[in-house]
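Visitor: I'd like to walk through this model with you. Could you show it to me?

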Amino acid sequence: MTSVYTWVDERLGLEDLMQFASKKQVPLHKHSFWYYWGGISLFCFIVQVFTGILLMVYYRPGPDAFESVRQITYVVHFGWLIRSAHSWSANLMVASVFVHMFSVYFMKAYRKPREFGWWSGMVLLLLLLTFGFSGYLLPMDELSYFATKVGLGIPEAFPGIGPVVANLLRGGMDVGENTVQRFFALHIVVLPVFFIPILVFHLWLVQKHGNASPPSELEKPQSQRRSIPFFPNFLMKDLAMWLIALNVIALFASLFPWDLGTAADSLKPAPAGIHPEWYYMSSFQMLKIMGSVFPGAVGEGIGIIIFTLGLVLWFLIPFYDGKNEGGQRARYATYFGLLAMAVLVITTFWGYWGL
């Protein structure tokens, strides 16, 4: 094995990589637990790629979409397990990315020189939500069909370009076979083409700038700050978290297999309680609230404007609170983060409460 390692090292420079990894230090403090959520998100994405490739072997977009998913679920050996693992890991990935985003925000890890890490992470979040939306329709069962119709009504509410974008995504005036084919192409080709390079860029920035310490740690003298080597100490702990995430996905996929409803029928009325996935419930509820306060499409438009404005402010927070010091701006940025988290949680639970 030593000779094999030496042979590979002479050609790939493994020893240089090991030295680089061993020099990198990870801050060690009472908030270090939150550092692992970025790695959990990455692991879930790897599970998504692996299970997605297996599902592509049997999935047929278009008129046979539902039948192919039915065969995957009930006919193909362990097809139900792969499909459940794909669905559960997708939900766990979205949840872990939200946890990662808020932990980064409250640690002020968007400050100089990590602005591009924050912005690339936000782009990855938006692409991830689009991944979830495009993949949700692919089974083409009753729930996914009508939920997609509801979801496409959100961009359609934008004046001017909204209906054009909605018709482009649908491939016509209504959700159908063309929509499934377009969402499938979006899900497995278009989104990965953008997602993977930005993910690599994001990971490179993390390696370049390292993990940020929270403001409470930065206030301590340098002699009182603790850290551990990235390799092997932090990496081993990170891999242990990956193993825990794998067990969580396996347990949920085995004990709670992902359901498949009846085939979608555009002639039937929408069943009661149709709603988007949980990570879209906040924006969905915001539209409902504004729609009940203001008449007609005006309420929906105001709801979209409020949500979009909040997202833009969230994206631009490095420009407002960019200095590595406390003060009034730092406090206001923290209050804004607490407000955003509260609104997201409250409107999500409110949306489910009203079903």
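Visitor: What percentage of the 355 residues in the chain is buried?

Guide: Happy to start there, with a word on the basis: this is a predicted model, where local features need pLDDT of at least 70 and side-chain atom pairs pLDDT 80 or more, while totals for chains, interfaces and linings use all residues. Residues are numbered from 1 along each chain as its sequence is written, and side-chain values use heavy atoms, leaving out hydrogens and water. Buried means under 20% relative accessible area, exposed over 50% and partly exposed in between, with a 1.4 Å probe and protein chains only. By that cut-off, the buried share of the chain is 39%.

Visitor: How are the rings of Tyr105 and Trp314 arranged: stacked or edge-to-face?

Guide: Rings of Phe, Tyr and Trp (its six-membered ring) pair if their centres lie within 6.5 Å; planes under 30 degrees apart count as stacked, over 60 as edge-to-face and the rest as tilted. Here the centres are 4.2 Å apart and the planes at 10°, so the pair of Tyr105 and Trp314 is stacked.

Visitor: Is Tyr105 buried or exposed?

Guide: The relative accessible area of Tyr105 is 0%. That makes Tyr105 buried.

Visitor: Which kind of aromatic pair do Trp314 and Phe336 form?

Guide: Trp314 is buried, at 6% relative accessible area, whereas Phe336 is partly exposed at 24%. Their ring centres are 5.9 Å apart, and with 50° between the planes the pair of Trp314 and Phe336 is tilted.
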